[in-house]
Amino acid sequence: MQKLMIFFFIIWTIAFPLLAEDDLYLEPQKKIQVSTIIIDPGHGGLDHGAVSQHQINGELVSLIEKTITLNIAQILKEHLEKALPDKRILLSRDNDTLIHLADRITYFNSIPLELDETAIILSIHANSSYNKNRRGYELFTNFDADSLFTKILKSEFTNTFGNDLPFLGIMNGNHYLPRNAQVPAIIFEMGFLSNEEDVKMLYNPSGIEKSAGALARWVCALLQYFDDTSFVARFKENADNSDVVDMNVVDMNVVDMNVVDINVAGY
Ligand SMILES: [Zn+2]
């Protein structure tokens, strides 16, 4: 009997660590899913954003960034609701309202989320520059975009606009919005209102529809990329280990003067 007990003890001491290791191995990796997509049309109300006028085909075309961003955002929301019925798609504004940057951040950061959920923020803007030749699209993010992220982005926009819309790059921008958002945030600058070529291509009803369609397909591809690479878990880990969140509001006015271009970006 004693021998039998010793035998079982030996078997138990050998097997238990293996089982424990196995259990650890089999424990599903904690996955954080994007449950919510917040579309943030830049500017609104008294904050017009960039304003421009161009003579196109003999007609004077006046453009206001706050209107364009809202138009794109509303169409994008419809596309995403169809493509991603299991996700919550929110708009930070759905009319011509002024929402201060600090209030946008309060809204973003107060959206209820489970521990295994995150939101992502897509803030939509139209660019402007004193250099009338400057054109194309660019992004600002609160994370380091890797080459795959860039490839997915470029592929969607090249498929939609060919090589006619230059890609200017992805900047890890130190702007108020991405700096203070607690979830992955992307500011999308969709071409320059100050450039006639961009205006001709993007800022007419069909250009706006194409832009919203490209953004929607890109968001779907982005979610797949986030899933495949555990992007959100890594983002959260980085955010927890660094001082990303800075609620010391110094630039809570509508216009964030830290922008590179014409200082009307408001993010
Ligand atoms: Zn803007």
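Two strands are taken to pair if DSSP finds at least two bridges between them. On that basis this predicted model contains an open sheet of six strands, in the order 4-1-5-8-6-7 and with mixed pairing. Select strand 4 and strand 7, which stand at the edges with a single partner strand each, so that one side of each is left without a neighbour in the sheet. From one strand to the next, the twist averages 15 degrees.

Now move to strand 1 and strand 4, which pair in the parallel sense over four bridges; here isoleucine 38 stands opposite leucine 90 in strand 4.

Next, select helix 2, residues 65-83, whose 19 residues reach 26 Å from first C-alpha to last, close to the 27 Å expected at 1.5 Å a residue. Helix 2 lies across strand 1, strand 4, strand 5 and strand 8, and runs at about 140 degrees to strand 5. Among its buried residues are Ile68, Ile72, Leu76 and Leu80, and the cover over the buried residues of helix 2 includes strand 3 (59-64) and helix 7.

Finish at helix 4, residues 147-161, and colour Phe149, Leu153, Glu156 and Phe157, which are buried. These residues cover an arc of only 90 degrees around the axis, which puts them on the same side of helix 4, and the buried residues of this helix pack against strand 6 (137-141), strand 7 (167-171) and helix 7 (205-228). Turn to the other side of helix 4 to find Ser147, Leu148, Lys151 and Asn159 exposed.

How values were computed: Residues are numbered from 1 along each chain as its sequence is written. This is a predicted model: local features need pLDDT of at least 70, side-chain atom pairs count only at pLDDT 80 or more; totals for chains, interfaces and linings use all residues. A residue is buried if 20 or more other C-beta atoms lie within 10 Å of its own, exposed if 12 or fewer, and partly exposed in between; C-beta atoms are placed from the backbone. Helices (H or I, at least four residues) and strands (E, at least two) are DSSP runs, numbered from the N terminus. The arc is that of the directions from the helix axis to the C-beta atoms. Two residues are in contact if their C-beta atoms, placed from the backbone, lie within 7 Å. The expected span of a helix is 1.5 Å times one less than its number of residues. Axes are lines fitted to C-alpha atoms, for helices over the stretch in contact, and angles run from 0 to 180 degrees between N-to-C directions.
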